[in-house]
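Reader: Could you walk me through this one? I have a few questions ready.

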Amino acid sequence: MTNDRVRGVVVAHAELARALVSAVESISGVRGALRAVSNEGLGPDELAEIIGEAAGEAETILFVDLAGGSCGLAGLQHVRESRGCAWVAGVNLPMLLDFVFHREMPIATLVPRLVRKGQAGLRAHPSPPAGTD
């Protein structure tokens, strides 16, 4: 299955998917590269059906919020039943921003790149111990 561009579907709890897609569109100026799917009010079968509709027949990367949550499990089910699909858990803005600018890449090359971008976006800076200046 080949397309000019890989489709992206963000699957997350409550309003998170829509918020992530909106933020990516606002930052990048790229519209329509990502579709948002929320699990709100949906059972597992309904969620799986909506994911399938959002993915369609295109090569698709499902970006899910939690690997073991309802979104992650429904997304994984779709990937197992479909060709040309991939699943990435722990979605974040750095990986989605990279996706919108590189979705013409082959999915087998794109997925590891996106995981690296997502991991590289993680940073921590501990606060100094109490009582130090």
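Reader: Which exposed residues does the face of H2 turned away from its buried side carry?
Author: Happy to start there. This is a predicted model, where local features need pLDDT of at least 70, side-chain atom pairs count only at pLDDT 80 or more, and totals for chains, interfaces and linings use all residues. Residues are numbered from 1 along each chain as its sequence is written, and side-chain values use heavy atoms, leaving out hydrogens and water. With exposed meaning over 50% relative accessible area, buried under 20% and partly exposed in between (1.4 Å probe, protein chains only), that face carries Asp45, Glu49 and Glu53.

Reader: How wide an arc around the axis do the buried residues of H2 cover?
Author: The buried residues are Leu47, Ala48, Ile51, Ala54 and Ala55. The arc is taken from the directions from the helix axis to the C-beta atoms. They sit on the same side of H2, because their arc is only 125°.

Reader: Which residue in S4 is the bridge partner of valine 64?
Author: S3 and S4 (residues 85–89) run parallel, joined by 5 bridges; strands pair if DSSP finds at least two bridges between them. For valine 64, the partner in S4 is alanine 89.

Reader: Is the pair of phenylalanine 63 and phenylalanine 99 stacked or edge-to-face?
Author: Rings of Phe, Tyr and Trp (its six-membered ring) pair if their centres lie within 6.5 Å, with planes under 30 degrees apart counted as stacked, over 60 as edge-to-face and the rest as tilted. Both phenylalanine 63 and phenylalanine 99 are buried. Their ring centres are 5.3 Å apart and their planes at 70°, so the pair is edge-to-face.

Notes
Helices (H or I, at least four residues) and strands (E, at least two) are DSSP runs, numbered from the N terminus.
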